[in-house]
Amino acid sequence: MSENAGAPEPPKKVKTEKELEKERKKAEKLAKFEAKQAAKKKAEAEAGAASGKSKKKEKAPAEPIPEFVDKTTPGDKKILVSLDDPALKAYNPKIVESSWYEWWKSQGYFSPAVDEEGNPKAEKFVIPAPPPNVTGALHIGHALTIAIQDSLVRFNRMKGRTTLFIPGFDHAGISTQSVVEKMLWNKEQKTRHDLGREKFTGLVWDWKEDYHNRIKKQIERLGASYDWSKERFTLNPDLSKAVTEAFVTLFEDGTIYRASRLVNWCVALNTTLSNLEVENKEIPGRTLLSVPGYDEKVEFGVITSFAYPVEGSDEKLVVATTRPETLFGDTGVAVHPDDPRYKHLHGKYVVHPFVDRRLPIVTDSEAVDMEFGTGAVKITPAHDPNDFDTGKRNKLEFVNIMNDDGTFNDNAGDFAGMKRFEARKVVIEKLKEKGLLIDQNDNPMTIPLCAKSGDIIEPLLKPQWWVSQKEQAKEAVQAVKDGRITITPKTSENDFFAWMSNIQDWCISRQLWWGHRCPVYFVNLEGVPEDQKDRSDTNMWIAGRTREEAEEKAKVKFAGKNYTLEQDEDVLDTWFSSGLWPFSTLLWPDKSKDFDNYYPMNLLETGWDILFFWVVRMIMLGLKLTGEVPFKEVFCHSLVRDAQGRKMSKSLGNVIDPLDVIAGTSLDALHEKLLGGNLDPREVEKAKEGQKVSFPNGIPECGTDALRFALCAYTTGGRDINLDIYRVEGYRKFCNKIYQATKFALMRLGPDYTPPAKPEITGNESLVEKWILHKLAVATKSANESLERRDFLEATSSIYNFWLYELCDVYIENSKFFFLEGTPEQKKSAQNTLYTCLDGALKLIHPFMPFITEELWQRIPKRPGDNTPSIVVSSYPEFDESAFNPEAENAYNLVLDIVKGARSLLAQYNILKNATIIVQALNEETYKTVTEQETSILSLVKAAEKVEATKDEAAPSGSVVSVVSPVCSVYLIVKGHVDFDAEITKAQKKLSKVEGSKKQLEKQMSVKDYETKVKAEVREQNQTRLENLEAEITGINSMIEEFERLKMA
């Protein structure tokens, strides 16, 4: 009997018709449930009797889902199958993404919106897509670029701007030629020279067509809304015309010039490289490195000291080098003019030990630090950048000792024909034999490597074409400083200024066959011996847009002389044609309509790693050739690394093909892909091991939308992205949430629902409606502002949170009452709010997830008079100030906090039904909100039978509490629901166990010499454990006391 048995009973509350109806429905459901349970038990009993033993019924295997067949004709609008189709039960990216892209293209949605004269209808937004190389397949870095750029293009298109997103492909001279040469050798054991220039370039064109089509399909799978009618390729006639025009213009004004200088020579590729194409590898000392063309690894990181005999005496001059094989190119030894050790040798010579050459001893205070080493330095002007300047200052001879293939020429005497690193070992042996080798020691150093082939760069003296950069750099820097161009993030702007302040002239000629052949001709004067023709003299060259133009210019310049014109065999650096991309794609130098309408462009978006390769050169060439900046904004995104933060590399096996993420693939299939590349067999095995670590179960099917959203969500403005493929899979689950929420919403709306003409606030919305419309307004404001300022993390986060935590978790869940039990007016209002949120949320996320949003948006009803054919060309949601309602947000947040507190208590005390919740409200505003929302709270707390609001400050009898705020607490009546004696017994058993552990630990800590014999870290761990046990004991005792109190309440 209760202690309150003698108290008078409170008057019974008269139930409303609505409450009685609710109880009736509840009773009906309970009766049906009990009937089902009884039938189930009867069937189980009969089955047990028939078999003679109790046996659990085996679950029937699920019927396989039939394969979905999209019957849409390519280019037609997708045939939408009912969502009741078994294949559409769950989100399937393959089904959702089918057919839409071809339809978008066929409808011209990606073309700029122009008037009858071809002029943009509105403010323009133009992006040039960085042209991928036609060397293979796209990687995840390309996917990041497309995801970011296309999100911005789709956003701006929906904002009503005239958008142009220009696609194209880069011929990628060195990379493409290298890949095709390897393929040719692997298949036919032939070199390009066996085929000749014409046949070889024909073979490369065939390769280009194949891979161009592959890459184009990848791009389309990624959903890039390119205007394919304006597709460009850097070697096509219109862009080649721009390259020729740029070269001739810059040659004629002296910006392009000819000079013999040291270049970065790649023996493996047989061409020069710019400084940006060289990677520097730091080594700590003796290190063996693999070098293309050598079966054994080559040793680096060693400094070799040897002696040069001084002519006419027994004295020797000791020098040191990390490249002893270059001594054949030595033409002098430098000492400091003030070094007393060598003053007697000024003006004298040393004798070369292997070739017939005297080397002058020169004095040079710039080249020599007399405190370092022996104070004597060997000078190799034709094979070392520092020695090049020293040689010029001292008028030393420049002796080239190397052929283009990395073998020594006749200037190396008996070593002629020997490969450079084989010669290194022989030189050391011969120096030892002659008694000239002093010693060899470890030496930390930097090794220059070809970024394409991995070969060791060899400095060689060669005549090349150069672009003067200093003046162009000044103009480019000024354009950024005065705001004509902005560069974000700030770190990239700082990098830009730092690099431009120390810019060097740009070597643009390459000894290749695949590329733009230099439009310049050497004038072969009749009667001049070949060895006297100076091909490094700019004056002996004529640039021409055509051979005929060059002939006309030569007639004027070399009037009265007999000559022939010989076109330079070299091609231009790929980055030269890429540097013209923002205006060559608009058909410059012709004054095209596109050039007039769309130049300069709005945004150049790319990875920060090609800021200097590409962005800087576009700015300089744009200013130089068009007089305007090529674009107004540069946004540099992060580089994609693997989940462990490693750079993606084929040899590591962590390179990710975006199509593998979209469609999913097995580990075996990833292994198989490695065999189709150009990796060495040993590298293949290493890569396989890397794949096992990175993708032990293969790559799960994620779909395009999940991949795009993940990549944009990763874009935080940092330098690197450590891509975890399982995070992408998490966004696939988010896609499923969107898919299922839309299906559920369509069910709630019903087939006959028609939304109002405009999404206006009526004033009759319930609190939860006001709350969700406010949240939609906030998310819309955030998404618009974030995308305008390129804050992809904030944009994706605000949209994600709205969809998942506000629309799905709260509104769709919390509005069920209005749909099922509300008045017709309440139901209609809830439907209108649901529609407004669904339509707005799909549009908000469309730039990031184009396929699923089109699939679902096409299925929802449209407002009267809205004939928008596609979400692609719909309007992006704008901030609705009338929906902005912080008061409603605060009020409904209180409801959510009450629900959260109630659910927590119910879970803690394992109460599953018939619970009573009492909400204590200590001010009028809170009390008003709670009383008005009692029904809403009840609908959200499944186990609750009754929710009451009270202003009474006293805790209800037999209750436990969860404090929501200083003026609001949630009480759960536990008496009658909990067996307190059983709970106390369980707690006491646990208490006994914990006290036993504490006692045992205290015994260990009280042993003799504990403080001196036990390690400090062990003592610290024991002390922490003791404190935790004491805290646990306190908590259990408090729990027992609480149960005792509740028991007596």
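1. Basis of the model. The structure is a predicted model, in which local features need pLDDT of at least 70 and side-chain atom pairs count only at pLDDT 80 or more, while totals for chains, interfaces and linings use all residues. Residues are numbered from 1 along each chain as its sequence is written, and side-chain values use heavy atoms, with hydrogens and water left out.

2. Helix 23 with helix 26. Helices (H or I, at least four residues) and strands (E, at least two) are DSSP runs numbered from the N terminus. Helix 23 packs against helix 26 (residues 824–845) at an angle of about 15 degrees, and their axes are 10 Å apart. Axes here are lines fitted to C-alpha atoms, for helices over the stretch in contact, and angles run from 0 to 180 degrees between N-to-C directions. Helix 23 is therefore roughly parallel to helix 26; angles under 35 degrees count as roughly parallel, over 145 as roughly antiparallel, 65 to 115 as roughly perpendicular and the rest as oblique. Helix 23 passes helix 26 in a left-handed crossing (left-handed if the near helix is turned anticlockwise from the far one by less than a right angle, right-handed if clockwise).

3. Residues of that contact. From helix 23, the contact is made by E769, I772, L773, L776, A779, T780 and A783, and from helix 26 by S829, A830, T833, T836, C837, G840 and L844. Contact means heavy atoms within 4.5 Å. By class, the contact of helix 23 with helix 26 has eight nonpolar, five polar and one charged residues. Ala, Val, Leu, Ile, Met, Phe, Trp, Tyr, Cys and Pro count as nonpolar, Asp, Glu, Lys and Arg as charged, and the others, Gly among them, as polar.

4. T780. This residue is found in helix 23 (residues 767–788). T780 counts as buried because its relative accessibility is 2%; buried means under 20% relative accessible area, exposed over 50%, and partly exposed in between (1.4 Å probe, protein chains only). Neighbours within four places in sequence aside, T780 is in contact with L844, P877, E878 and F879.

5. Helix 28 with helix 29. Helix 28 (residues 886–908) and helix 29 (residues 924–932) have axes 10 Å apart and pack at an angle of about 70 degrees. Helix 28 contributes A891, L894, V895 and I898 to the contact, and helix 29 contributes T926, T929 and V930. Five residues of this contact between helix 28 and helix 29 are nonpolar, two are polar and none is charged.

6. Helix 21 with helix 22. The angle between helix 21 (residues 704–714) and helix 22 (residues 725–749) is about 120 degrees, with axes 8 Å apart. Helix 21 is therefore oblique to helix 22, and passes helix 22 in a right-handed crossing. In helix 21, D705, A706, L707, F709, A710, A713 and Y714 meet R727, V728, Y731, R732, F734 and C735 in helix 22. The contact of helix 21 with helix 22 has 10 nonpolar, no polar and three charged residues.

7. H171 is found in the loop between strand 3 (168–169) and helix 5 (173–188), and is buried, with a relative accessible area of 0%. Beyond residues up to four places away in sequence, H171 touches V134, T176, F233, T234, L235, W514, G515, H516, T574 and S577. A172 also lies in the loop between strand 3 and helix 5 and is buried, at 4% relative accessible area.

8. Backbone geometry. Most residues other than glycine have a negative phi, and most peptide bonds are trans. A172, which is not a glycine, has a positive phi of about 50 degrees; N914, likewise not a glycine, has a positive phi of about 55 degrees. N914 is partly exposed, with a relative accessible area of 39%. The peptide bond from W588 to P589 is cis, with omega near 15 degrees, and the one from Y599 to P600 is cis, with omega near 0 degrees.

9. Annotated region. The unreviewed UniProt entry places a "coiled-coil region" at residues 984–1046; UniProt positions are given in the numbering used here, feature names are shortened, and annotations may be inferred rather than shown by experiment. In the model, residues 984–1046 are 90% helix and 0% strand, and the end C-alpha atoms lie 11 Å apart.
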